[in-house]
Amino acid sequence: QVQLVESGGGLVQPGGSLRLSCAASGFTLDYYAIGWFRQAPGKEREGVSCINDNDGKTYADSVKGRFTIYRDNANNTVYLQMNSLEPDDTAVYYCGSVHDALGVKAMCEQLQHRSTIVWGKGTRVTVSS
């Protein structure tokens with residue numbers, strides 16, 4: 001069964017850090033583009049950071065310099081290291097993957113609109129004092 005499972009969310013104070021994990025099972029992530037997306041209450045889902053099969057990466061302007069996406073193919077997992085967290089980062093974070101060669105330009109936008117995308121069920125991140 002093909003699935004993605006997110007973990008690592010939780011409650012953190014402003015300025016704190018979390019590392020989210022997106023573990024794949026039933027398929028190998030090596031040749032997939034993977035993205036982290038988030039959806040806050042009352043808001044549309046937005047792309048946070050994406051990585052393609054050539055390790056090209058994109059970040060939303062709001063997280064540049066604070067978040068880092070990276071993949072560990074040996075563990076079939078993609079991580080999102082989130083530092084200097086802010087209350088506006090509060091959301092449910094989802095990872096999604098497609099078996100496709102995507103360019104860096106507008107990668108998250110391309111990825112989330114692919115009909116073949118596999119989604120995880122999400123992990124909640126709350127940034128609050």
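The protein has 11 strands and 1 helix. The model is predicted. Along the principal axes, the C-alpha atoms fill a box of roughly 40 × 30 × 25 Å.

Of the 129 residues, 44% count as buried. Contacts with a separation of 6 or more were also examined, and 60% of them join residues 24 or more positions apart.

The protein carries 12 positive and 13 negative charges, whose mean positions are 2 Å apart. The structure holds 6 salt bridges. One of them joins the side chains of Asp-89 and Arg-38, with an N to O distance of 2.9 Å. Asp-89 lies in the loop between strand 8 and strand 9, and Arg-38 lies in strand 4, so this pair ties together parts that are 51 residues apart in sequence. Both residues are buried.

Asp-89 also forms a salt bridge with Arg-66, at 2.8 Å between the closest N and O atoms. Arg-66 sits in the loop between strand 6 and strand 7, so this pair links parts 23 residues apart in sequence. Arg-66 is buried, as is Asp-89. A network of salt bridges links Arg-38, Glu-46, Arg-66, Glu-86 and Asp-89.

Another salt bridge joins Lys-64 and Asp-61 at 3.1 Å, N to O. Asp-61 counts as exposed, because its relative accessibility is 66% and the cut-off is over 50%.

How values were computed. Residues numbered from 1 in each chain as written. Predicted model: local features only at pLDDT ≥ 70, side-chain atom pairs only at ≥ 80, totals over all residues. Heavy atoms only, no water. Helix = DSSP H or I, 4+ residues; strand = E, 2+ residues; numbered from the N terminus. Buried < 20%, exposed > 50% of the residue type's maximum accessible area, 1.4 Å probe, protein only. Contact = heavy atoms within 4.5 Å. Lys, Arg positive; Asp, Glu negative; His and termini not counted. Charge placed at Lys NZ, Arg CZ, Asp CG, Glu CD. Salt bridge = Lys/Arg side-chain N within 4 Å of Asp/Glu carboxyl O.
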